[in-house]
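Hi,

Here is the structure I said I would pass on.

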Amino acid sequence: MPQNPLKLAYNPALDGLRAVAILLVILSHAHAPMFDGAFFGVDLFFVLSGYLITSLLLKEIQATGRIDFWEFYRRRFYRLMPPLAVFLAAYALLAPLVWPDLEDVYSDALVSLLYLADYGIAFFDSPDTLLHMWSLSVEEHFYLVWPIALLWLVRRSSPGTLWRAIAALFVLGWAWRVLWVLLGQEFYAVFFRFDTRTTGLLLGSLLAALVLDRHPLLDRLQQHLPRLMWIPLAVPLLMAMEWGDMGPMVWGLTVVEMAALVVLVAVLPGQGLVYEMLSAPWLVYIGKLSYGIYLWHYPVVRWLRAEFAWPVTVLLGFVISTALAALSFYTIERWALRRRDAVPQGHPQTAADAGKVEAANMETAPRGR
């Protein structure tokens, strides 16, 4: 049966990359020594999200000349909202029992449900025990504005030049973040906001434009991969960067984003050492559950780290979060995915609802999914 031309082929290495990202995030939140900078794992999610979402949108534009915005947002809703709502409901019920002195449980849950956590944390220190919700808010804001902006850019770019416009936006996004650093804004206010964290999403979008256009620049990147792989190898050196250090805001995030781009370039052909490493079955499985793990891990890890040393916190936090994520995945998420992939009667299939791509490759949470 011929493959739907609007469908993204499943690449297990992308799930493997998600697994690496979520493991780094757990190490960071468990306060593991030498892993303070593991919060960079969220930026791996951002680059991957930008690549996948933009690839789908560009395929739809290429095939139909338009974007079905309603269908795009409907699919995003079914993929992201049901497990989030279940998690927040469980948090609202259990948090007062686990942390009796905790205030603002319900308002924190509401802010998270409305995807306002990024600006809430940056300017109002809310939510607190749901601190990790900021990255979901960043991605949701990207989903709201990027389809419209991308369609506008495509219609005003000559063939093969879209990547230049996206590259310009990437540079502007970096300059905007650095500007706030130079103006002396607090680390929290710069770190958590959508408008200062667009660079990873835009860099992934840039790669999507290069891939879809089969641009010669992509060939050159693949030719120089042996040299470029030094960038991902340098990332472990950033893990010791301390929370609150402005270095990540100026250059650290950029190094990690570039490393993620190099890894994606390495695995997209579906072969090679990096592809084989990230396609390990256990990594792929963890990657498929990464959205749920990300949702559940922070309250679990925060509870554990108050009672146990970091090795126990990492191990138990990972096991408990994975178990809860698996329960969510095989129940509410399976149901939501069926609803997402159901094509309305008489509705033409578009890239937003095309082919039932594996749930993990369609998932784009920081993942932060």
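**What I found**

Leaving aside residues up to four places away in sequence, H297 touches V25, I26, H29, H132 and S321. This is a predicted model, by the way, so please read everything here as computed from it.

H297 sits in helix α16, which covers residues 290–305. Is H297 buried or exposed? It's buried: its relative accessible area is 0%, and the cut-off for buried is under 20%.

The other residue I looked at is E333, in helix α17 (residues 310–341). E333 is buried too, with a relative accessible area of 2%. Its contacts, again not counting residues up to four places away in sequence, are R79, P83, Y291, G292, A325 and S328. Take G292 from that list: 41 residues separate E333 and G292 in sequence, while their C-alpha atoms are 9.2 Å apart in space.

**Two helix pairs**

Two packed helices are described by the angle between their axes and the distance between the axes.

Start with helix α3 (residues 69–98) and helix α4 (residues 105–113). They pack at an angle of about 170 degrees, and their axes are 10 Å apart. Angles over 145 degrees count as roughly antiparallel, so α3 is roughly antiparallel to α4. On the α3 side the contact is made by M81, L84, A85, L88, Y91, A92, A95 and P96, and on the α4 side by V105, Y106, A109, S112 and L113. By class, that gives twelve nonpolar residues, one polar and no charged.

Then there's helix α9 (residues 199–213) with helix α13 (residues 247–267). Here the angle is about 25 degrees, with the axes 10 Å apart. Because angles under 35 degrees count as roughly parallel, α9 and α13 are roughly parallel to each other. Their crossing is right-handed. T199, G200, L203 and L207 of α9 meet E257, M258, L261, L264 and V265 of α13. In this contact of α9 with α13, six residues are nonpolar, two are polar and one is charged.

The mean pLDDT of the protein is 91, and 91% of its residues reach 70 or more. Over residues 1–6, though, the pLDDT is below 50, and this stretch has 13 contacts in the model beyond near neighbours in sequence. Residues 362–369 also have pLDDT below 50, with 48 contacts beyond near neighbours in sequence. Where pLDDT is low, the predicted coordinates should not be read in detail.

Cheers

How values were computed
Residues are numbered from 1 along each chain as its sequence is written. This is a predicted model: local features need pLDDT of at least 70, side-chain atom pairs count only at pLDDT 80 or more; totals for chains, interfaces and linings use all residues. Side-chain values use heavy atoms; hydrogens and water are left out. Helices (H or I, at least four residues) and strands (E, at least two) are DSSP runs, numbered from the N terminus. Buried means under 20% relative accessible area, exposed over 50%, partly exposed in between (1.4 Å probe, protein chains only). Contact means heavy atoms within 4.5 Å. pLDDT is the predictor's confidence in each residue, from 0 to 100. Axes are lines fitted to C-alpha atoms, for helices over the stretch in contact, and angles run from 0 to 180 degrees between N-to-C directions. Angles under 35 degrees count as roughly parallel, over 145 as roughly antiparallel, 65 to 115 as roughly perpendicular and the rest as oblique. A crossing is left-handed if the near helix is turned anticlockwise from the far one by less than a right angle, and right-handed if clockwise. Ala, Val, Leu, Ile, Met, Phe, Trp, Tyr, Cys and Pro count as nonpolar, Asp, Glu, Lys and Arg as charged, and the others, Gly among them, as polar.
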